[in-house]
Amino acid sequence: MLGFRRRTCGAILAAAVLALGGCASVSQATAERDAEAKRFQARPDVATIYVYRNDIAPVEPASDNTVLYVGERLIGGTLPGTFFRVEVPAGEHVLHGIGYDQGTLKLETRPEMLYFVSLQATSGNSRFALVKPEIGKRDILRCCALLENWKEGQRTLLR
């Protein structure tokens, strides 16, 4: 009986981990939204952070995926060749992953400004680098497709 309980608990735990991992996944944006984001227009009331991955897809697709947060806000799962466009209020923001991922970047943002962050993910670890706008724009136009991100206050555990 004890062996059955351990197997059952293990199966339940594995299912919970897989379910939570799936909650971070996001879909690719429409071609219209992608084109709009690639116009790189700032809004006067918020700062805009572009986080992009121009790295090459790994041999094992799931091995270099990472989850992106801005502060406590879940943005979504990152993939090679994709980017997120995140609007935030002015102030200090910390970009980071989850779990054993210790990669972080602290940004002090101002309204009507665009920020470009290159993200490299290797074996579940994130490396963030703030890059010059001209480099970020060039990289995104060359490599990346926009991913939809979770909206502020969206219940990420419910679909």
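1. Aromatic pairs. In this predicted model, the structure holds 4 aromatic pairs. For F40 and F116 the ring centres are 5.7 Å apart and the planes stand at 65°, so this pair counts as edge-to-face, the cut-off for that class being over 60 degrees. F40 sits in the loop between α2 (31-37) and β1, and F116 in strand β7, so the pair ties together parts that are 76 residues apart in sequence. Both F40 and F116 are buried.

2. Ring cluster. F40 and F116 also belong to a cluster, linked by ring pairs, that includes Y50 and F83.

3. Helix α3. In α3, which spans residues 133-143, the buried residues are G136, D139 and I140. Their arc around the axis is only 95°, which means that they lie on the same side of α3. An α-helix has 3.6 residues a turn, so residues three or four places apart point the same way. E134, L141 and R142 are exposed on the other side of α3.

4. Open sheet. An open sheet is formed by 4 strands, ordered β3-β2-β5-β6, with antiparallel pairing. β3 (73-78) and β6 (104-109) are its edge strands, each pairing on one side only. On average, neighbouring strands of this sheet are turned by 20° against each other, direction ignored.

5. The β2-β5 pairing. Strands β2 (residues 66-70) and β5 (residues 91-96) pair in the antiparallel sense over 2 bridges. V70 has L95 in β5 as its bridge partner.

Terms used:
Residues numbered from 1 in each chain as written. Predicted model: local features only at pLDDT ≥ 70, side-chain atom pairs only at ≥ 80, totals over all residues. Heavy atoms only, no water. Buried < 20%, exposed > 50% of the residue type's maximum accessible area, 1.4 Å probe, protein only. Arc of directions from axis to C-beta. Pairing = 2+ DSSP bridges. Axes fitted to C-alpha atoms, helices over the stretch in contact; angles between N-to-C directions. Phe/Tyr/Trp six-rings, centres within 6.5 Å; stacked < 30°, edge-to-face > 60°.
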